[in-house]
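Please follow the chain below from its overall layout to its helix, its aromatic pair and its core.

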Amino acid sequence: MLPSNVWKIAGDDQDGPNVVVLGGTHGDEITGLELVRRLLRKLGVLNKAAGAYERCGVLGNLFLGFGNIDAILRGTRAACAGERRPQLNRV
C-alpha cells in the first residue's frame with residue numbers, strides 16, 4: 001500500500017528501473033514541488049487520488065510524491081518552527 005502522498009506509475013515492462021522523484025523535502029523549496037506537479041499533470045494523474053496507475057510506454061516504475069506535507073502546507077523549511085527534530089533530508 002502506498003502512502004497518501006505518493007503516486008506510482010507502473011510501466012508495462014516491470015523489468016525496468018524504479019525511479020523516485022520526491023518534491024517537498026523542505027516545504028519552502030518550491031522547485032521540487034512544481035516538478036512533481038508537472039510530471040503528475042503530464043502523466044494525467046494530477047487530479048486523481050494518490051495510488052498506483054498503469055501507463056503504457058513506461059519502462060519499470062516511476063514513483064512521484066510530496067515529502068513533508070506539514071511543511072509544504074505551512075510554506076516553511078520544517079514541519080514546526082523551532083522544532084529540534086532533524087529535518088526530513090537528515091532522517
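The chain contains two helices and two strands, where helices (H or I, at least four residues) and strands (E, at least two) are DSSP runs numbered from the N terminus. Along the sequence they follow the pattern β-α-β-α. This is a predicted model, in which local features need pLDDT of at least 70 and side-chain atom pairs count only at pLDDT 80 or more, while totals for chains, interfaces and linings use all residues. Residues are numbered from 1 along each chain as its sequence is written, and side-chain values use heavy atoms, with hydrogens and water left out.

Of the 91 residues of the chain, 32% count as buried, a term that stands for under 20% relative accessible area, as against exposed for over 50% and partly exposed in between (1.4 Å probe, protein chains only). Among the contacts with a separation of 6 or more, 79% are between residues 24 or more positions apart, contact meaning heavy atoms within 4.5 Å.

Helix H1 spans residues 30-42 and, with its 13 residues, reaches 18 Å from its first C-alpha to its last, close to the 18 Å expected at 1.5 Å a residue; that expected span is 1.5 Å times one less than the number of residues. Its buried residues are Leu33, Val36 and Leu40, and, seen down the axis of H1, they fall within an arc of 65°, so they line one face of the helix; the arc is that of the directions from the helix axis to the C-beta atoms. What covers these buried residues includes strand E1 (6-23), strand E2 (52-66) and helix H2 (69-74), whereas on the other side of H1 the residues Ile30, Thr31, Arg38 and Lys42 are exposed.

The structure holds one aromatic pair, for which rings of Phe, Tyr and Trp (its six-membered ring) must have centres within 6.5 Å, with planes under 30 degrees apart counted as stacked, over 60 as edge-to-face and the rest as tilted. Trp7 and Phe66 form this edge-to-face pair, at 5.9 Å centre to centre and 85° between the planes. Trp7 lies in strand E1 and Phe66 in strand E2, so the pair ties together parts that are 59 residues apart in sequence.

Phe66 also belongs to the largest nonpolar core, where Ile9, Val36, Leu40, Leu62, Leu64 and Phe66 touch the most other members out of 13 residues; such a core is a set of buried Ala, Val, Leu, Ile, Met, Phe, Trp, Tyr and Cys residues joined through side-chain atoms within 4.5 Å. The elements giving two or more residues to this core are E1, H1 and E2, and its largest share, four residues, comes from E2.
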